[in-house]
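Colleague: Hey, I'm new to this one. Can you walk me through it?

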Amino acid sequence: MAKSLPSISCDAGTDSINEEDVEPKFKYQRLANDLKNILNTDVISCSAVHLKVNITGLFSCENNHSLNFGKCIKAVSMDPDSKAHIKRFVVGDDKLILYERNLLKKLKPFELYSVEGSVLSICWHGNFIAWASHIGVRVYDLNERCSLGLIKWEVPSQERLENFRCHLRWSNNNTLLIGWVDTIRVCVIRKRNSIEASTGNLPVNIVDPISTFQTTFYVCGLAPLSVKQLVVLGYRKEKCSSFKALRPVLCVIEYKMNNSEEICTDSLTLRGFEEYTVNDYSLGGVTEEKRFYIVAPKDIVVASLIETDDRIEWLVKHSKFEEAMELIAANGGNVTVLSVAKLYINHLLALKKYDDAAKLCLRMLGNDKVLWEEEVFKFVKCQQLRSVSAYLPTSNECKLDPHVYEMVLYEFLKFDVLGFLNIIKEWPSHLYDGLAVINAIHDNFRKQHANQLLESLALLYSHQGDFESALRMYLKLQNKDVFQLIRRYELYDVISKLIIPLIQLDRECSFEILLDKNKIKTEIVVNQLEHNQEYLYWYLDSLLKMDPSNRFQKRLISLYAIFDRNKLLPFLVRSKNYDIQEALVICKQENFYPEVVYLLGRMGGVEAAEALNIIIHSIRDIEMGIEFCKEHDDNDLWNALINEFSKHPEIVTKVLDGIVDYVSPVVVVEKIKMGQNIPNLRPSLIKMLWHYNIQGEVLSSAQQIQLNDYFEIHSEIVTKQRRGHHVSYEQLCSMCQRPVQMIGTRFNCIIRFECGHVYHKPCIQGKLKKNCTECYLWNLTVEK
C-alpha cells in the first residue's frame with residue numbers, strides 16, 4: 001500500500017446537523033494502489049483490523065485446521081491472546097463450541113452453551129466471550145464456565161433481528177459495546193456486591209447495562225473513541241427520491257445514562273453506496289491509534305482523528321482564529337501563533353472591525369518594532385490609523401519610526417480634529433517631528449475647527465520650545481492654561497509683550513504673576529499698561545496693597561479720580577509719597593471738595609483758611625467746618641468761622657455747641673446782634689453753661705485730689721526717712737576712712753545720709769552741710 005493515500009470527499013452534516021462551522025473530528029483517506037484493481041472484479045465480504053502482525057510459516061502445517069460441520073457456520077472467533085501457548089478458537093451455530101489442543105496436539109471441542117436459535121456474531125476479549133443470537137446477547141465467563149445472563153433485544157417492527165448484523169466490541173476488559181439495528185447499549189461487567197452474592201448460587205460477575213439509546217440510523221459498526229464517546233458507522237433509514245440508498249454516516253456520539261448526544265456527523269461518499277444495504281458495511285478500528293476503517297463491498301476508507309495542524313487549518317479556514325491560537329498555544333504545531341494572528345488581523349480588517357484588529361495587534365505584537373510597522377501599514381491602506389493609534393507602542397522599549405506616528409497624526413488632522421488634539425496631548429513629543437506637524441496644521445487649517453487647531457499649535461510650539469508662539473495661541477483661544485504654561489516653564493521674560501492680553505484673559509491670574517517682583521519688574525508692567533489706564537489703575541491699586549511704599553503710587557491720584565473716587569481721599573490721608581500741589585491741581589480740576597479741603601489743610605496757613613472757605617461756601621457743612629477748626633485749633637480759623645455764623649443766624653446754635661473747650665462762649669455771644677432771632681438759642685446756651693459748670697467742678701475736684709495726694713506722699717517720705725538704718729562694723733567713715741564703730745572712743749556718734757555714706761559726727765563737726773560732703777565733692781568734680 002502506498003504511503004501517501006489520496007483523500008476522499010466527505011460532506012459534514014446530516015438532517016439534524018448541517019452546519020459548515022462544526023469542527024470535524026476525522027480526516028479521511030481511501031485505500032488505493034492494488035486494492036482499486038482488485039475491487040473492480042471482486043467485492044469485500046468481511047474484514048478484520050488488528051495492531052499485531054502474524055508471521056505464517058508457508059512450509060509448516062502446524063496451525064492449519066480443517067473442520068467440516070455439515071452446515072453453514074456464521075460466526076468464528078480466535079483467542080485474542082496471541083501469546084497464549086494453547087491455541088483456541090470458538091465456533092458458533094446452534095451451540096457455542098470452544099476448540100483447543102490437547103496434549104497430543106489434537107483439537108478437542110468443548111460445548112460452552114446451547115444457543116437459542118443460532119449464533120449470529122461473536123466477540124472474544126480476555127476471559128469473556130460475547131455472542132448474539134436471535135433473541136439477544138449473552139456473555140460467557142471462561143473462568144467460571146458459565147453464562148452471565150441474557151441481554152434481550154427488542155425486535156424491530158416489521159423486521160427480524162437476524163436480518164441485521166449485531167456489532168459487538170469490547171472497549172476494555174470489562175466494557176462491552178453492542179450496536180444492533182438502531183439501538184446501542186453499553187454494558188459493564190462487574191462483580192456482584194455482597195447482597196447480590198448472598199441470594200442464591202450466582203456467578204461472581206454480572207453484566208450491567210449502563211446506557212441504552214436509539215440512533216436515527218441503522219448501526220453498521222461501532223468502536224470506542226474515548227471514555228464516554230463512541231464512533232458509529234450508520235446506514236440511513238431514509239431513501240432518496242429514486243429509492244436508492246443515501247450515503248453512510250460516521251458519527252461521534254457521547255453517551256450518558258439512557259440518552260446520548262451527537263458530537264459530529266460526517267456523510268461519506270463511498271463507491272457504489274447507492275446500491276448497498278445495511279449489512280454491506282463494516283467498521284474496524286485500531287483504538288490505540290484512533291484510526292477507523294470503513295469497509296464497503298467496493299471501497300475501504302480510513303478515518304483518522306484529525307491532528308493539531310489539521311485542526312488549525314480547519315479553524316483558520318472557518319475564521320475561528322481565537323480557537324486556533326489557543327490550540328497552538330496548548331499543543332504546538334507547525335503553524336505559529338503569530339502567523340495565525342496576522343491572518344486574524346487581515347480578517348478583522350476585511351470585516352471593518354478596526355478596533356478589534358488594533359486590540360489584537362496590542363495583544364500579539366508586544367514590543368516588536370518590525371512587526372508593528374508591518375501591521376500598521378495594513379491600517380494605512382484602509383485609512384484606519386485612527387483605530388490603532390491608542391494601541392501603538394510609545395515607550396522607549398519599543399518606539400516606531402517617526403514617520404508612522406506622523407501618518408497617524410495626519411489622518412487625525414484630516415478626519416478627526418478633536419482626536420488629533422487629544423493624541424497631541426497624550427503622545428510624548430519625541431515620537432514625531434513637531435515642526436512637520438506644525439506645518440501640516442497650517443496647510444490644513446480650517447476655521448470650523450479653529451479652537452482645536454490653535455490649542456494643538458500651542459502644545460506643539462511648547463514642545464518645540466517656542467513659548468512665545470505657544471502663549472499667543474493660548475491667548476487667541478482665550479485659554480487659561482496659558483498661566484499654567486507660564487509657571488511650568490517660568491516664561492516671565494516672554495510675557496512682557498503680552499501683559500494686556502493676559503489681563504484681558506484673566507485679571508486675577510495675571511496679577512498673581514505680575515505683582516511678583518521676583519518674576520517680572522514693576523517698571524515693565526507699568527510701561528506696558530501706559531496706554532490702558534483702566535488696567536494700569538487695577539494693577540497699581542493691587543500693587544499698593546502689597547507694597548505701600550512703591551514709587552508708582554502717586555500715579556494712583558489721577559487714576560482714582562477717573563475710576564474710583566471713593567478710594568482717593570483714604571489714599572491721600574494714608575500715603576505721604578505724592579506731590580501735594582500736583583494732587584491739589586487734579587482734585588480742583590475735578591471739583592473734589594473734600595479732597596481739596598484735606599490737601600489745603602495739610603498745607604496750613606492761608607491754604608487752611610481757603611479750605612475753611614470751601615467747606616462753608618461750597619460744601620456747606622458747618623459741622624465739617626467746626627471739626628476742621630478743632631483739628632487745626634487756629635484762632636484765625638475760629639474767628640473766620642465765628643464771623644461767618646453771624647451772617648447766618650440758623651447756624652449760631654451749631655457753632656455754640658461745637659466751640660466748647662476751644663473758644664470762649666463770650667466771643668460768640670458778643671457777635672449776636674440785639675433783636676436778632678436765633679433758633680434754639682436758649683437750649684444751646686443752657687447746654688453750654690451746664691458743660692462749663694461741669695468742667696469747673698471736674699477741675700476743682702482734680703485739684704483737690706492732686707493736693708491730697710501730695711500731702712500723703714510727703715508724709716510717707718518723711719516717715720520713711722526718720723526710720724533707723726543699719727550700720728555695720730565694716731563701713732568706714734567717708735571723712736577719716738576709719739571704721740564708723742570703735743570701742744571706747746568718742747567717735748561712736750555717727751551720722752548717715754540717704755545716699756548711704758556714713759560719717760563720725762566729730763569728723764564733720766563745723767563742716768555739716770545739707771548734703772553729703774562726699775557726694776557734694778563728687779558732683780563738683782563731674783561738673784568741672
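Colleague: What does leucine 572 touch?

Modeller: Leaving aside residues up to four places away in sequence, Leu572 touches Ile557, Tyr578, Ala583, Cys587, Glu595, Tyr598, Leu599 and Arg602; contact means heavy atoms within 4.5 Å. Mind that this is a predicted model, where local features need pLDDT of at least 70, side-chain atom pairs count only at pLDDT 80 or more, and totals for chains, interfaces and linings use all residues. Residues are numbered from 1 along each chain as its sequence is written, and side-chain values use heavy atoms, with hydrogens and water left out.

Colleague: Which residues touch the most other members of the largest nonpolar core?

Modeller: Trp372, Tyr539 and Leu572, out of 124 residues. A nonpolar core is a set of buried Ala, Val, Leu, Ile, Met, Phe, Trp, Tyr and Cys residues joined through side-chain atoms within 4.5 Å, and buried means under 20% relative accessible area (1.4 Å probe, protein chains only).

Colleague: What does the second, separate core include?

Modeller: Its 48 residues include Ala132, Leu161, Cys166 and Tyr276.

Colleague: Switching to helices: how do H12 and H13 cross?

Modeller: The axes of H12 (residues 450–464) and H13 (residues 467–477) cross at roughly 160° and come within 8 Å. Helices here are DSSP runs of H or I, at least four residues, numbered from the N terminus; axes are lines fitted to C-alpha atoms over the stretch in contact, with angles from 0 to 180 degrees between N-to-C directions.

Colleague: So which residues meet there?

Modeller: Among them, Leu454, Leu457 and Tyr461 are on the H12 side, with Phe467, Met473 and Leu477 on the H13 side.

Definitions and conventions. Buried means under 20% relative accessible area, exposed over 50%, partly exposed in between (1.4 Å probe, protein chains only). Helices (H or I, at least four residues) and strands (E, at least two) are DSSP runs, numbered from the N terminus.
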